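Thanks for coming. I will keep this short, and I would like to go through the metal sites, the chain contacts and the charged pairs.

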Amino acid sequence: MIERFLPASSTFASDIDFVFSLIFWLVGFWLVVSEVLFFWLIARFRKRDGQKGQYITGELKSEKRFITIPHLLVLVCDVFIIFFAVRVWYDVKQSLPTAPDQQTIRVVAQQWAWTFVHPGPDGKLDTPDDITKVNELHVEVDKLYHFQLTSKDVLHSFSVPVFRLKQDAIPGRVITGWFQPTRTGEHDVQCTEICGVGHGLMPARIHIETPEQHASWMAEQGEFSVAAVTGR
Amino acid sequence: MSARPIATTRTAAGMPTGRLAVWWVIVSEIVIFGGLLGSYIMHRLAHDAFAEQAAYTNMWIGAFNTFVLLTSSLFAVLGHKAADAGDGRKAARMLYLTSAGGLIFLTVKAFEWSMEISHGFTISAHTFWSFYYTAAGLHALHVLAGVVIMLIVAASARKNLELHRVELIGLYWHFVDVVWIFLFPLLYIAK
Amino acid sequence: MAESIPVDHSHAHADDHEHHAEPGFVQKYLWSTDHKMIAMQYMFTGMAMALLGGFFAYVFRMQLAFPGIEVPLFGIVSPHEYNALITNHGAIMIFWVAMPVLIAAFGNFLIPLMIGADDMVFPKLNRLSYQIFLLSALILLASFFVEGGAFGGAWTMYPPLSANSEYNQTPLGTTLFIGAVGLEFVAFLIGGINFVTTAMNSRAPGMKMYDIPMVVWMIVIASILFMASVGPLIAGAVMLLFDHNLGTAFFDPQRGGDPILWQHLFWFFGHPEVYVVLLPAVGIVAEIITVFARKKLFAYKTVLYTAFGTGVLSFTVWAHHQFIAGIDPRMANVFTITTLLISVPIAEMMFVYIATLYGGSITLSTPMLWALAFIAEFLIGGVTGIFLGASGADIYLHDTYFVLAHFHYTFFPIAIIGTFAGVSFWYPKMFGRMLNETLGKIHFWGTVIPFNLIFIPLFVLGAAGEHRRIWDFTQFPELAAAPLRNLDKLATVSLVIMLAFQAVFLFNFFWSLRRGQKAGKNPWQSNTLEWTAESPPPHGNWKQLPTVYRGPYEYSVPGREQDFWPQNEPN
Ligand code: HEA
Ligand code: HEA
Ligand code: CUA
Ligand SMILES: [Cu+2]
């Protein structure tokens with residue numbers, strides 16, 4: 001359902017969209033049933049002259065049925081939802097897949113900017129050829145990325161809507177997560193945790209590139225990168 | 001201003017209104033201290049550094065204060081007995097002794113703290129000390145409040161008025177006591 | 001019994017609410033210990049704060065829809081002002097509107113009247129609780145005028161932002177904000193103890209547990225929930241104040257503190273809190289639908305159990321606000337399960353209410369319309385909570401406008417619709433006169449229709465990735481897209497319309513104080529005890545305190561020509 005508004009550009013994006021849709025239909029069904037019944041009862045039992053209301057205690061088993069059965073069904077729906085929700089959650093947050101050509105990027109949040117440290121041509125962090133960019137993240141499509149998220153001052157939250165990915169950044173801690181882009185494009189990166197006056201003013205962009213584009217981008221970065229490192 | 005409403009004199013729950021209320025006060029106080037001590041224990045387990053800091057606390061002063069509070073509680077009990085027996089003057093005397101205990105406790109604390117602060121263990125010196133002053137301070141405020149209320153209650157008890165209040169303040173005092181029973185080992189002994 | 005009430009009070013009511021300017025003004029209106037007067041103080045304070053909170057919403061919604069314009073009645077909205085406005089809007093609406101009106105105002109007014117007592121058990125404590133509450137409100141308002149401006153770190157006050165004025169840049173504002181919230185908690189602890197003790201101990205002779213009107217039960221359960229959950233946060237508030245002002249490091253990760261601890265303390269209170277305001281509202285609704293459907297409440301005991309169940313469960317779900325906050329990801333699974341389970345008792349409660357309508361004889365008076373609207377709208381708010389409770393989906397939805405729409409679809413029905421239901425229902429008892437039905441209905445439709453037009457667009461925006469607490473979305477190319485911006489404009493315009501219609505309510509409310517037609521003792525032909533007192537009830541409520549013979553919902557009992565059966569009527 002969410003693809004309607006936003007492309008699903010990571011391996012787990014469509015799983016998350018699926019959970020959303022599943023819940024939408026399940027609870028949507030219950031919502032519609034409840035509301036229809038509700039309005040029907042109002043229409044059906046409007047006051048009529050000379051007709052008194054009925055005296056129903058709702059304490060009898062035969063009457064309670066109408067509550068207990070639906071609420072058991074709701075319980076069943078809950079179990080369904082829990083199952084799928086937890087499965088996706090495990091995939092995104094608890095597991096940390098690896099791949100031979102995986103790369104690690106460092107994401108540093110601060111009031112009010114994002115610093116993205118790309119591993120650079122050699123594919124390793126903390127080497128001279130790292131490419132450090134502010135509010136600009138470049139990744140290669142179909143490559144597995146780990147990210148090391150941290151913050152310099154207050155809480156921030158690293159959110160890439162097209163990936164359906166979100167993780168708070170906590171000062172003094174490095175949180176590791178992963179994503180694997182599945183389609184190219186340029187998209188928003190948001191900060192979704194209030195972090196002070198400039199919280200609304202720390203937008204960044206993510207560039208998901210083909211291997212070729214990515215390579216040429218790194219090539220043109222080459223020379224400045226050292227300066228950029230010292231600059232941060 | 002207005003006379004006590006009839007509502008206050010009813011006991012549909014089978015317990016005098018005053019006692020019922022004091023119990024609810026204690027319940028809500030328990031969660032307050034519970035939250036604070038819970039947070040303390042979490043930190044404590046997370047950082048061994050706490051133990052080193054705790055080593056600087058003076059267990060003997062703490063122990064003495066514990067003793068003082070416990071004895072004062074004893075007087076509170078005696079006061080309750082006297083009140084039940086309808087002997088307001090005796091009850092009042094007992095309450096004075098109880099509050100004397102509270103005052104001793106506070107003076108000792110004052111000395112203890114000024115000593116520690118002079119040694120540089122201020123509230124911001126280390127998170128242990130932050131908890132130390134916050135928890136003990138919150139407790140000390142309760143002691144102070146208890147003493148004040150106790151003196152008020154005693155004043156009316158001397159004239160054989162509102163004797164049921166003697167029990168209530170006693171109840172509260174026991175609670176303040178119990179809180180300290182938790183604070184003492186957590187802040188002083190566990191090193 | 002009544003004789004024991006001093007005479008000078010027994011007829012003081014005669015000129016209550018009438019000519020305000022006479023000597024005893026302070027004594028009667030500001031220093032009174034009468035539970036009804038204190039209820040009024042809470043209600044009018046809450047009303048003023050609601051209008052303020054609504055005004056804040058208007059200002060920042062204007063900024064969202066038309067970034068950078070000079071908002072009429074306010075001016076240009078700076079990023080800091082924006083944050084301060086939403087933060088205080090949230091805090092005001094929950095702590096200074098929902099709680100004082102639903103719990104304190106209705107609790108104070110209804111509990112003694114509904115259980116047949118002459119007042120709260122501790123009138124002076126009651127007065128004290130209001131005075132502390134008023135003080136907290138004044139401190140909050142003051143924070144707007146101090147050096148650096150009001151606090152803007154969200155109503156959740158997450159440290160380190162809230163723990164260090166270098167980060168939040170509002171040294172005084174932050175202190176005042178935290179202080180105000182802390183004081184408000186204390187006020188409601190005192191009030192709550194009073195409510196619970198009164199309801200437990202001072203019931204009229206003959207009123208057994210299951211003869212207590214549902215709204216009293218709900219307010220009592222809510223007060224207990226509050227008492228049991230707020231403690232840790234009070235401690236936390238003290239710690240946060242020390243961090244901010246004394247340089248302690250409880251929540252400062254750089255110096256061995258833990259910022260997540262605050263989130264646990266906050267949400268351990270924060271989630272039960274949402275049921276603290278929910279329960280009184282559903283209680284009010286129970287009273288109203290039974291009266292206007294002339295029906296016995298379907299399965300009284302079941303409703304009670306669901307309320308207890310919700311209360312207990314509510315202590316086990318708090319971390320669903322922190323799924324992606326950096327807690328141990330394994331913990332999320334536990335909280336997903338508990339969170340979804342809580343839908344069961346609430347679903348059951350809603351089903352019970354719907355079932356209560358079956359076989360009724362329904363009159364769609366204004367209070368009934370509000371009560372029904374509560375059910376219809378709250379269902380939407382409730383089910384959208386499920387999306388958020390599902391950890392997998394919340395990764396995406398967290399802190400988007402989907403969350404926002406979710407909780408406005410719960411809070412608005414509770415704090416605004418529920419309040420209007422209660423006020424329009426008990427107005428005759430409070431002031432002895434009827435509200436105007438036509439104006440009431442105009443106000444109803446003028447509020448409920450725009451409400452949906454405000455928040456349904458926000459669901460869509462949330463699903464599209466629009467996130468919370470953003471001063472200007474146009475700098476996010478994807479969010480700046482025209483269709484999304486138009487939805488924001490729709491929401492804002494609807495809000496302006498809704499606010500305009502509040503004038504109808506306010507006019508109706510104050511005009512009817514004098515001009516409304518006189519209400520008898522029992523205009524709705526209701527069963528509960530408050531309707532056996534004069535309207536408005538005198539100080540002491542009854543000359544002769546009532547005795548109870550039956551449950552509160554004996555409507556349309558077969559074999560009686562009258563279709564209601566007051567609780568105090570001997571068989
Ligand atoms: C009174 C207000 C209120 C109420 C009643 C609720 C009720 C619920 N809330 Fe909500 N919530 C808030 C106020 C409220 N909430 C607020 C203020 C926030 C945001 C705080 C902030 O960050 O600023 C929030 C945020 C919030 C979050 C965190 C979102 C995030 O930040 O990422 C979650 C996640 O689990 C959640 C879940 C729920 C659930 C499961 C319920 C349940 O109680 C709902 C149960 C009811 C139903 C389910 C409907 C009836 C049932 C049926 C019609 C049957 C069909 C149902 C099924 C098949 C399941 N809420
Ligand atoms: C009870 C809770 C409550 C209520 C009722 C409302 C009401 C409204 N809220 Fe809000 N809101 C919150 C609680 C509430 N809110 C919270 C907790 C937040 C989060 C803050 C944060 O992020 O830190 C929030 C945030 C919030 C935002 C997000 C800002 C952002 O993140 O950038 C928005 C945006 O549209 C918004 C809009 C509105 C609107 C348009 C209304 C309208 O419905 C307002 C209309 C108001 C009225 C119509 C008043 C009518 C009342 C009377 C006339 C008095 C009647 C009283 C008596 C008779 C006693 N609210
Ligand atoms: Cu960074 Cu919000
Ligand atoms: Cu919650």
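Before the details, one term: buried means under 20% relative accessible area. Please also keep in mind that this is a predicted model.

I'll start with a charged pair that uses that term. Arg61(C) and Asp488(C) are both buried. Their side chains meet in a salt bridge, with 2.6 Å from N to O. Arg61(C) sits in helix α3 (residues 35-65) of chain C and Asp488(C) in helix α17 of chain C, so this pair ties together parts 427 residues apart in sequence.

A second pair is Glu554(C) and Lys296(C), whose side chains also form a salt bridge at 2.6 Å, N to O. Glu554(C) is in the segment after α17 of chain C, while Lys296(C) is in the loop between α9 (259-293) and α10 (300-313) of chain C, 258 residues away. Both Glu554(C) and Lys296(C) are buried. To return to Arg61(C) and Asp488(C): they belong to one network with Glu466(C) and Arg485(C), joined by salt bridges that share partners.

Which residue of chain C forms a salt bridge with Glu193(A)? The partner is Arg469(C), and the closest N and O atoms are 3.9 Å apart. Glu193(A) lies in the loop between β9 (185-191) and β10 (204-209) of chain A, and Arg469(C) in the loop between α16 (437-463) and α17 (482-515) of chain C, so the pair joins two chains. Glu193(A) has a relative accessible area of 2%, so it counts as buried. Arg469(C) is buried as well, at 9%. Over all chains the count comes to 22 salt bridges.

Now the chain contacts. Chain A and chain B have no contact, and their closest C-alpha atoms are 15 Å apart. Between chain C and chain B, 51 residues of chain C are in contact with 35 residues of chain B. These two chains bury about 3300 Å² between them, 70% of it on carbon and sulfur atoms. Met200(C), Asn201(C) and Phe250(C) supply 18% of the area that chain C buries against chain B, more than any other three residues. How many salt bridges are there between chain C and chain B? The count is zero.

On to the metals. The iron atom of ligand 2 has His89(C) and His408(C) as its protein donors, each through NE2, at 2.0 to 2.1 Å. These two histidines come from distant parts of the chain: His89(C) from helix α4 (residues 79-115) and His408(C) from helix α15 (residues 401-431), 319 residues apart.

The copper ion (ligand 4) is coordinated by His271(C) through ND1, and by His320(C) and His321(C) through NE2, at 1.8 to 2.1 Å. The copper ion (ligand 4) is 4.4 Å from the iron atom of ligand 1. Buried or partly exposed: which is His320(C), and which is His321(C)? His320(C) has 12% relative accessibility, so it counts as buried, whereas His321(C), at 22%, counts as partly exposed.

Last, Asp394(C), in helix α14 (residues 391-397) of chain C. Asp394(C) is buried but has no salt bridge, and the nearest side chain of opposite charge, Lys166(A), is 7.2 Å away. Leaving aside neighbours within four places in sequence, the contacts of Asp394(C) include the copper ligand His320(C).

Technical notes:
Residues numbered from 1 in each chain as written. Chains lettered and ligands numbered in written order. Predicted model: local features only at pLDDT ≥ 70, side-chain atom pairs only at ≥ 80, totals over all residues. Heavy atoms only, no water. Helix = DSSP H or I, 4+ residues; strand = E, 2+ residues; numbered from the N terminus. Buried < 20%, exposed > 50% of the residue type's maximum accessible area, 1.4 Å probe, protein only. Lys, Arg positive; Asp, Glu negative; His and termini not counted. Salt bridge = Lys/Arg side-chain N within 4 Å of Asp/Glu carboxyl O. Contact = heavy atoms within 4.5 Å. Donors = N, O, S within 2.8 Å, 3.2 Å for Na, K, Ca; no water. Buried area = accessible area lost by both parts, 1.4 Å probe.
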